[in-house]
Amino acid sequence: MLELVRAFNTPGSPPLYAVSTGHNWGLGSREPVHGGAVRVELHGLDRIRRIDTDRGWAVVEAGVTQRQLAARLADTGRMLNVTASSGHTSVLGNALDRGVGLRRQRVHDLVGLEVVTPEATLARVGWWPGDEAAGAPNPHGLGPSLLHLYTQSDLGIAVAGVIRLPHRPEAQRVLRLTFPAENLRRAVDTFRRWQAQGLFQGVLKIYDTTSASSYGTRDTAGHLAHLSVGGTPAVADALTRIVTDEAEASGLFTAVHRSDRTPPADDDVVSRVIEAGHSGNTDHHEDMLRSAVGRDAPDVDSAGGGWIFFLPLVPYTGADVAAALRLLDDVHARTGIRPGATVNALDPDVVDLVVSLRFDRSSAERTAGAHRALDLLYEMFTAAGYLPYRLDIEHASWMDRLSDPVSLDLVRRIRTALDPNRVIAPGRYS
């Protein structure tokens, strides 16, 4: 890699655009933002260099998949914070783009990076374990923190990283709650109270009917929520009882199921993926991918159905979530494309709203409609103050619209100083 970067570090050479496994579906996959770049595929960097399950970290290369790392952690006291996406996606690539796992945002798992700089040197930023004994991970280091210069960044090529591994709960279960659309506002406020008071762990997920159906769960009336409770067996039992009692007393929910007593039906793909995923298991993930696009991971881009994502952050209140979903109704009315919505409650204050657009790629009309719908999502959500935290390649120019101009100018001056020959291709966030 150093030799490659060094060879391109000359005026007039095309820039390098690096991808991990390339499975960044719905946001541009492996395609560069601008033409003329030479794509560098990192999927061959697939070694898990070290794992320390006592201290809770793994050193992985850019091509290591979440399926690969999750399998290595099976039957240990640690687990991977998996996303609900395919097991073939890159752990490091998703963390660098600030993706969301079932336990927390993936950026919080990232504590160190090994980066090839535009000058063809190898730098380690954040925390990195020594060859012998390793102390406690400290991603911030001493002095100015460099680690997050390289998340959503084109300042270098990240080839490896250190990933934190959560403790595996002694007892783990997932509660499934269904409720009608008219109860959305009050249900969200109820979930927020439970989350703020520690009645469940990890990321609460709520699927609307369109989203649940697109991912493989049929006959869902209203909304389907999943929340995880775990800990020692006594803690898991107590939390399950408290949440179940609260849910029944609220009168908001049409059904409350617990995974240890009522496993999901065979055709409830979403619930099987989420329940396994909360335990760090990716065994069912490919079923959800096939339901969404009709193909396995290697064939999604070449033969899969149309699939686009829009990813805004929304305040965690019933009023805001309901308002955001009404915007999706407006988009449907104007384009004929029905967006699906998944609410990911990251903490008691912030929701990551995953908006998905499925369409028939063989139809020029439906494809154009989906892209028009995406344009409307950017315009309408931004006007409402619900800003995206990840961009697709076609909306990279929105960095100028969404960023503080002084801060953006500072970032670009840093980029010019570090990469005067433009070795690294401009990305979605530059």
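Predicted model: local features only at pLDDT ≥ 70, side-chain atom pairs only at ≥ 80, totals over all residues.

Asp 109 is buried, because its relative accessible area is 0%. Its side chain meets that of Arg 104 in a salt bridge, at 2.5 Å from N to O. Arg 104 is partly exposed, at 27% relative accessibility.

Now the whole chain. The count is 13 helices and 15 strands. The radius of gyration is 22 Å, close to the 22 Å from the globule rule for 430 residues, so the chain is as compact as a globular protein of that length. Along its principal axes, the C-alpha trace spans about 65 × 55 × 40 Å. Of the 430 residues, 53% are buried. Take the contacts with a separation of 6 or more: 67% of them come from residues 24 or more positions apart.

Next, the surface. The accessible surface comes to about 18,100 Å². Carbon and sulfur atoms hold 50% of that.

On to charges. The chain carries 45 positive and 51 negative side chains. The centres of those two sets lie 1 Å apart. How many salt bridges does the count come to? It comes to 26.

Here is one of them: Glu 41 with Arg 30, at 3.2 Å from N to O. Glu 41 sits in strand β2, residues 38–41, and Arg 30 in the loop between β1 and β2. The two are 11 residues apart, and the pair links distant parts of the chain. Glu 41 is partly exposed, with a relative accessible area of 30%.

Another pair is Asp 349 and Arg 192, with the closest N and O atoms 3.0 Å apart. Asp 349 lies in the loop between β13 and β14, and Arg 192 in helix α4, so this bridge ties together parts that are 157 residues apart in sequence. Asp 349 is partly exposed at 46%. Arg 192 is partly exposed too, at 27%.

There is also a network. Arg 47, Arg 49, Glu 61, Glu 114 and Arg 124 are joined by salt bridges that share partners.

Last stop: Ile 51, in strand β3, residues 48–52. Ile 51 is partly exposed, at 27% relative accessibility. What does Ile 51 touch, leaving out residues up to four places away in sequence? The answer is Trp 57, Ala 58, Leu 69, Arg 72, Leu 73 and Leu 165. Leu 376 is 325 residues from Ile 51 along the chain, and their C-alpha atoms are separated by 45 Å.

Key. Residues numbered from 1 in each chain as written. Heavy atoms only, no water. Helix = DSSP H or I, 4+ residues; strand = E, 2+ residues; numbered from the N terminus. Rg over C-alpha atoms; globule rule 2.2 N^0.38 Å. Buried < 20%, exposed > 50% of the residue type's maximum accessible area, 1.4 Å probe, protein only. Contact = heavy atoms within 4.5 Å. Areas by Shrake-Rupley, 256 points an atom, 1.4 Å probe, with all protein chains shown as cover. Lys, Arg positive; Asp, Glu negative; His and termini not counted. Charge placed at Lys NZ, Arg CZ, Asp CG, Glu CD. Salt bridge = Lys/Arg side-chain N within 4 Å of Asp/Glu carboxyl O.
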